[in-house]
Amino acid sequence: MKDFSKKLGAFFLMVAVSAGVSLAVFSYNEKKFGDNQASNDYSSTFDGQVPYKNVSMTEVNAGHPDFTGAAEKAINAVVHIKSTVTRQAASRQSGDPFFDFFFGDRGFGQAPPQTKEGIGSGVIISSDGYIITNNHVIDDADKIEVTLNDKRSFPAKLIGVDPVTDIALIKIEADNLAVMAFGDSDKLKVGEWVLAVGNPFNLMSTVTAGIVSAKARSIGMNNKMGIEAFIQTDAAVNPGNSGGALVNTNGELVGINTAIASQTGSFTGYSFAVPISIASKVVSDLKQYGAVQRAVLGVMIRNIDAALAKEKELAVLEGIYVDSVNERSAAMEAGIESGDVITEINGVKVGSTAELQEQVNRYRPGDKIVVKGYRGKNTKTFNLTLKNRQGTTEITKEQGAEILGAAFKELTAEQKKQLGVSYGVQVSGLTKGKFQSAGIRKDFVILKINDQAVKSQADVESITSKILASDEQAMFIAGVYPNGKMTYYAIDLSE
C-alpha cells in the first residue's frame, strides 16, 4: 500500500456535488438469518429485481470486445439525480461591532437562505422504483429529483443511508421500470473489462470502458470504521458519475462508482467502486430495517508485511495479524487470541484488512461463520456467532428523534420578536431521554443542530436521523432560553 501511495501522490475526491462542480478532497493516508451458516444473496429483498441474465460479449472483426449489448441494458436502468440543499445564511450585521454586540441583527434582518444543487447518478434495482446511489450524492438534501433515461422526472424519497460505505437507498413512485440485474463482484478478475455508466458533468447516459485494475483497494477515504474494499478501474469517471453503475460485460451490476483519484477534480486514470457484494447487503438492510445490521468480529487487526513477520516471529506472511481481542466479543468467545493470524472467512482467503472487512461486512449479527488461520505454526479453526457493536445478536431498528425524549413546538411571531431570532423550535416537554440527561430544560429554543438551522420539528427529526446514521453520532446544539441566555449542548447519541 505504501508503494501505491507513493506512485499515486494524489488526492481522493468524492465524485459528485455542487452546481459549480466543486469536490470534497480526501488526502491519501496511508452480510440472511437462521442457525446455519449465513449466505449473501440479497437480491430477493427487492420485488421486481430481474434474475441474473447472460448477455453475450461478441468480438468484432478487429479483435476488440463489443460492449453494445451490455451498454444497451445498463443505460435504461441508470438515472440522473439532482439534490437540492437549502441552508440559512449567516445574519447580516451593521458593520459596527458596538451596535452588533448590543443589538445583534435587529434592523438588518436575516440574510436569505442559500440554495446549492448537486448532481449524481443512481441505479434502478427494482421495477417499483428503488434506486441505489452514493450517500454523498444526496447527503443533507432537502429535495431529491430523479430523471430517467426516457426523460421522465420524479421526486424521490430517502429510504436510508449508510455513511460507513457511502451507500444510500432512495425510492420513486413508478412501476414497470427497467432494472439492472446484480452480478457477482467476487468473480471479477484483475484485467477484466468493465463499463462505467452515469451522468458526468450532466451529460446524460454516458458509457465509458476500462479494466479492473485492482480489487479490495483501501484508500483511506471513509470514516473510522474504515470499511473499504473498492474495485479499482481505469474506466473514465468524472463528477456526476457518483452513484452510477459499474457493469460487467454481461450487462450486470458489479459495483457503484464512488470516487476518483485526481489532483484536478477530473478523471486522471483511477476510479473506485463499492462492490455490489457489499452494496446489496447495505440496501437490503436499509429497506427491511431502516438501518444497516453491521456485524463485527471484535478484534484489532494489522496487515502482515516482512517487518511485522520478523518482529512477531510469524511462520507465514499470509493473512491478517490479530493485534488484540475485545472483551465479550464474538472472536473472544470463539477462542481467537492476540497473536493469531486469520487467513480465511467462510472459505474465502483474506490477505489484507480490507479483504477481511469486506467479507465480514456481508453478514448480520447472529450469523454463523467459520474463521481459519494460524497460531504459531499450528492451523486453527474457529466457529463464530457474529455480534453487533453493542455486543448482541439483536436486529436493530432505525432510531429517530424519540430517543431525545422531548416534544417540540414552533415559535410564534411574538416569541421570535422577543428573542430577536427569525427561526427556532422550542422544547415544550421532556421525558426520560438524551435531552434530559444532557441538562436541557423545558422552553429551551433550539436554533441550530450540528450547524444546521432548525425551523420545525421535522428539521429536528431529519437531522437526528442523519446523525444516528453516521458513525460519530454526535449532536451539537446551539440555542437560547427565554431569558436570552445563549446555551450550547453536546450530546453523544451512541451511548
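1. Confidence. pLDDT is the predictor's confidence in each residue, from 0 to 100. The model discussed here is a predicted one. Where pLDDT is low, the predicted coordinates should not be read in detail. For the protein as a whole, the average pLDDT is 82, and 78% of the residues score at least 70.

2. Overall content. The secondary structure comes to 11 helices and 30 strands. The protein has 495 residues, and 51% of them are buried. Its accessible surface is about 23,000 Å², with 48% of that belonging to carbon and sulfur atoms.

3. Helix H2. Which residues of H2 are buried? In this helix, residues 68-75, they are Ala70, Ala71 and Ala74. These residues lie on the same side of H2, because they cover an arc of only 95° around the axis. An α-helix has 3.6 residues a turn, so residues three or four places apart point the same way. Thr68 and Glu72, on the other side of H2, are exposed.

4. Tyr130 and its surroundings. Tyr130 belongs to strand S8, residues 130-134. Its relative accessibility is 13%, so Tyr130 counts as buried, the cut-off being under 20%. Leaving out residues up to four places away in sequence, Tyr130 touches Phe46, Val123, Ile124, Ile125, Ile159, Leu169, Ile170, Lys171 and Lys287. One of these, Ile170, is 40 residues from Tyr130 in sequence, while the C-alpha atoms of the two are 6.0 Å apart in space. Another, Lys171, lies over the face of Tyr130, at 5.3 Å from the ring centre.

5. Aromatic pairs. The count of aromatic pairs comes to 5. Among them is the pair of Phe444 and Tyr489, which is edge-to-face, with 5.4 Å from centre to centre and 85° between the planes. Phe444 sits in the loop between helix H10 (434-438) and strand S27 (445-449), and Tyr489 in strand S30 (residues 486-492), so the pair ties together parts that are 45 residues apart in sequence. Are the two residues buried or exposed? Phe444 is buried, with a relative accessible area of 0%, and Tyr489 is buried as well, with a value of 12%.

6. The ring cluster. Ring pairs link Phe444 and Tyr489 with Tyr481 into a cluster. Tyr481 also has a charged residue over its face: Arg441 lies there, at 4.3 Å from the ring centre.

7. H8 is mostly covered, with 6 of its 8 residues buried. The buried residues are Thr353, Ala354, Leu356, Glu358, Gln359 and Val360. Ser352 is found in the loop between strand S22 (348-349) and helix H8 (353-360). Ser352 is itself buried, with a relative accessible area of 17%. Neighbours within four places in sequence aside, Ser352 is in contact with Asn303 and Ile320.

8. Ile301. This residue is found in strand S19, residues 299-303. Not counting residues up to four places away in sequence, Ile301 touches Ile320, Tyr321, Asp323, Thr353 and Leu356. Thr353 and Leu356 are among the buried residues of H8. Ile301 and Gly339 are 38 residues apart in sequence, and the distance between them in space is 9.7 Å, C-alpha to C-alpha.

9. Positive phi values. Asn176 has a phi near 55°, a positive value in a residue other than glycine. Asn176 is placed in the loop between strand S12 (167-171) and strand S13 (193-198), and is exposed, with a relative accessible area of 76%. Phe201 likewise has a positive phi without being glycine, in this case near 50°. Phe201 lies in the loop between S13 and strand S14 (206-217). With a relative accessible area of 38%, Phe201 is partly exposed.

Terms used. Residues are numbered from 1 along each chain as its sequence is written. This is a predicted model: local features need pLDDT of at least 70, side-chain atom pairs count only at pLDDT 80 or more; totals for chains, interfaces and linings use all residues. Side-chain values use heavy atoms; hydrogens and water are left out. Buried means under 20% relative accessible area, exposed over 50%, partly exposed in between (1.4 Å probe, protein chains only). Helices (H or I, at least four residues) and strands (E, at least two) are DSSP runs, numbered from the N terminus. The arc is that of the directions from the helix axis to the C-beta atoms. Accessible areas come from the Shrake-Rupley method with a 1.4 Å probe; for residues, only the protein chains shown count as cover. Rings of Phe, Tyr and Trp (its six-membered ring) pair if their centres lie within 6.5 Å; planes under 30 degrees apart count as stacked, over 60 as edge-to-face and the rest as tilted. A charge sits over a ring if NZ of Lys or CZ of Arg is within 6 Å of the ring centre and within 35 degrees of the ring normal. Contact means heavy atoms within 4.5 Å.
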